[in-house]
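These are my notebook entries on one protein chain. I recorded what I looked up, entry by entry.

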Amino acid sequence: MAMELATAFVCAFGVTLILALYILNWLWLKPKKIEKLLRDQGLKGTPYRLMFRDLKEMVEMLIEAKSKPMRSLADHDIAHRVFPFYHKVVAVHGKTCFTWMGTRPLVHISDPIKIREVFANNYQFQKQRGSGNPLTKLLVRGLVDTEADQWAKHRKIINPAFHVEKLKRMVPAFYVSCNEMIHKWEDMVKEESSCEVDVWPHLQTLTADVISRTAFGSNFTEGRKIFELQREMEKLVMKAAMSLYIPGSKFFPTKNNTRMKEIDREVKAKIKSLIDRRVAAMKDGESTYDDLLGILLDSNHKEIKQHGSNKFGLSIDDIIEECKLFYFGGQETTGNMLVWTMILLGQYKDWQTRAREFTKSIYLLKLIDMNMIFSEVLRLYPPVGFLRRMVHEETKLTNLILPAGTFIQLNTLFLHHNQDIWGEDVNEFKPERFSEGVLKATKGQQAAYVPFGGGPRTCIGQNFAMLEAKMALTMILQRFSFDISPSYSHAPHTIITLKPQFGAHLILHKL
């Protein structure tokens with residue numbers, strides 16, 4: 001009996017010792033070894049500390065930054081408010097430095113040469129995985145979340161939906177949605193010829209309506225609930241991303257976890273209903289291939305038929321995720337671009353007048369000056385302030401050796417506000433800097449301007465967003481002039497994408 005107890009004690013002690021050594025290595029020895037490896041290469045950064053101190057400091061600084069608006073409407077140097085912790089770290093440690101995401105290093109990259117290499121090697125530098133709360137993936141997956149051969153398959157099947165010729169067929173849907181918004185604004189300013197309007201919710205409704213019509217052939221009334229749910233999910237995802245994640249805690253029945261799972265189920269059910277109706281219509285011989293969903297289903301069917309196997313196509317779950325991405329990406333990117341464009345043109349009236357004159361004389365798609373304006377807006381206020389990648393095995397990036405499990409953060413916002421690239425007027429609104437194209441504006445460093453990402457994984461919806469934004473702005477300029485309202489508070493902030501925290505209050509004048 002004594003021998004058995006002794007054996008059991010030794011076994012228990014051994015297991016405990018092994019577990020303790022594993023935890024010690026995970027929480028301290030391995031991170032400190034990686035930190036030394038990075039510092040030996042000349043990289044500077046925050047010291048590795050237990051208890052997720054970088055995350056704690058980041059959250060505290062973000063709360064402080066969001067507590068008050070920026071002092072000046074003309075201050076477009078927004079990085080210190082949008083990403084205060086990262087801004088401070090880069091200012092102290094250099095444009096290529098590192099911080100920590102729990103026990104893993106996050107290497108910050110703001111060098112166009114390194115960024116170009118990351119974009120070009122998308123099989124090597126993959127999207128962030130294996131860290132943080134997995135429930136954040138419930139917002140959107142689809143094409144943006146796939147990797148390697150899976151990504152190539154998804155992209156091939158989805159590509160036809162975003163072909164320029166297909167997008168041109170959607171112009172009437174753009175027009176109908178824009179016209180509805182403009183009529184609402186005309187009713188608001190009817191009596192006194194001018195009126196203060198927070199245009200931000202109206203532009204969100206517009207872009208939501210557009211994606212409903214062009215993706216699913218439905219109007220905004222049918223898609224309204226999906227958008228409301230997606231917006232609620234956005235806020236919950238941001239809250240989860242800014243919190244310490246304990247492995248396995250996604251299964252805890254917390255209020256946030258429960259609500260995120262409820263939203264996911266409801267959104268999927270609503271989108272599946274739309275897909276089922278479309279599939280049934282296609283089986284009945286109806287030709288419904290002029291919207292994004294119809295084109296996607298047709299492309300998927302052809303891919304399966306060509307190879308004679310379902311494994312070469314997308315599953316219903318895959319298609320649902322792509323539709324969620326249509327909804328989210330289709331609304332967010334264009335809505336954000338339009339709201340910042342109106343805010344800037346409300347401030348720089350000479351450019352507003354100039355843009356209005358162009359809309360009267362030249363066909364929409366040929367408006368080079370309109371492209372200049374949007375290019376400058378996207379430089380100063382890019383939809384996404386940074387992009388993350390991860391290396392799964394030791395990888396060389398130019399002169400750096402990155403150990404397996406390292407996260408890489410491509411700081412788009414910092415890159416777009418880099419004085420060495422853009423000059424001393426980097427924080428001024430000057431669309432004319434793009435008069436000879438992006439390559440000239442970036443002094444040959446095209447990877448210095450990446451509002452839609454870069455390389456093979458450039459945003460597939462870029463042409464869709466630009467076409468919609470051009471039509472919307474043209475129609476707005478032809479019916480209204482607008483000024484910044486005294487009640488407008490300049491407060492860019494990020495909830496997944498860059499938004500005006502307190503809305504976009506403008507004074508609309510009927511022309």
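**Entry 1: Thr-103**

Is Thr-103 buried or exposed? I found that Thr-103 is buried, because its relative accessible area is 16%. Here buried means under 20% relative accessible area, exposed means over 50%, and partly exposed lies in between (1.4 Å probe, protein chains only). I noted that the model is a predicted one, in which local features need pLDDT of at least 70, side-chain atom pairs count only at pLDDT 80 or more, and totals for chains, interfaces and linings use all residues. Residues are numbered from 1 along each chain as its sequence is written, and side-chain values use heavy atoms, with hydrogens and water left out.

I placed Thr-103 in the loop between strand E2 (97-101) and strand E3 (104-109). Helices (H or I, at least four residues) and strands (E, at least two) are DSSP runs, numbered from the N terminus. Apart from residues up to four places away in sequence, Thr-103 touches Trp-26, Leu-27, Pro-31 and Tyr-48; contact means heavy atoms within 4.5 Å.

**Entry 2: Confidence**

I next looked up pLDDT, the predictor's confidence in each residue, from 0 to 100. For the protein chain the mean pLDDT is 87, and 92% of the residues reach 70 or more. Which elements have the lowest and the highest mean pLDDT? The lowest, 79, belongs to helix H10 (residues 220-241), and the highest, 97, to strand E10 (residues 480-484).

**Entry 3: Gln-352**

I located Gln-352 in helix H14 (residues 349-361). Gln-352 counts as buried because its relative accessibility is 0%. A polar atom of its side chain lies 2.9 Å from the backbone oxygen of Phe-482. A polar contact is a pair of N or O atoms within 3.5 Å; within protein, one must be able to donate a hydrogen and the other to accept it, and residues adjacent in sequence count only if both atoms are side-chain atoms. Not counting residues up to four places away in sequence, the residues that Gln-352 touches are Leu-345, Gly-346, Leu-477, Phe-480, Ser-481 and Phe-482.

Beyond its neighbours within four places in sequence, Ile-320 is in contact with Lys-268, Ile-271, Lys-272 and Ile-275. I also noted that the C-alpha atoms of Ile-320 and Gly-142 are 8.3 Å apart, although 178 residues separate them along the chain.

Gln-347 is also in helix H13. Gln-347 counts as partly exposed because its relative accessibility is 23%. Its side chain reaches the backbone oxygen of Leu-73 at 3.5 Å. Leaving aside neighbours within four places in sequence, Gln-347 is in contact with Leu-73, Ala-74, His-76 and Ile-484.

How many cavities of 30 Å³ or more are there? I found one. On a 1 Å grid over the protein atoms alone, a cavity is a set of points where a 1.4 Å probe fits but cannot get out, and a pocket is an open set with protein on both sides within 12 Å along at least five of seven lines; lining residues have an atom within 4 Å of a point. The largest cavity holds about 30 Å³ of space, and its lining includes Leu-73, His-76, Gln-347 and Ile-484. Helix H13 (residues 316-347) gives the most to this lining, with three residues.

**Entry 4: The second largest pocket**

I read a volume of about 560 Å³ for the second largest pocket. Of its 22 lining residues, Ser-375, Phe-452, Gln-462, Asn-463 and Met-466 lie nearest its centre. Helix H7 (164-168), helix H15 (368-380) and helix H19 (462-479) are the elements that give two or more residues to this lining. H19 provides the largest share, five residues.

**Entry 5: Positive phi**

Most residues other than glycine have a negative phi. I noted Thr-398, where phi is positive, near 50°, in the loop between strand E7 (395-397) and strand E8 (400-402). Ile-496 has a positive phi of about 70° and lies in the loop between strand E11 (492-495) and strand E12 (497-500). Thr-398 counts as partly exposed because its relative accessibility is 27%, and Ile-496 because its relative accessibility is 25%.

Technical notes: Points joined across faces, edges and corners; volume = space filled by probe spheres on them.
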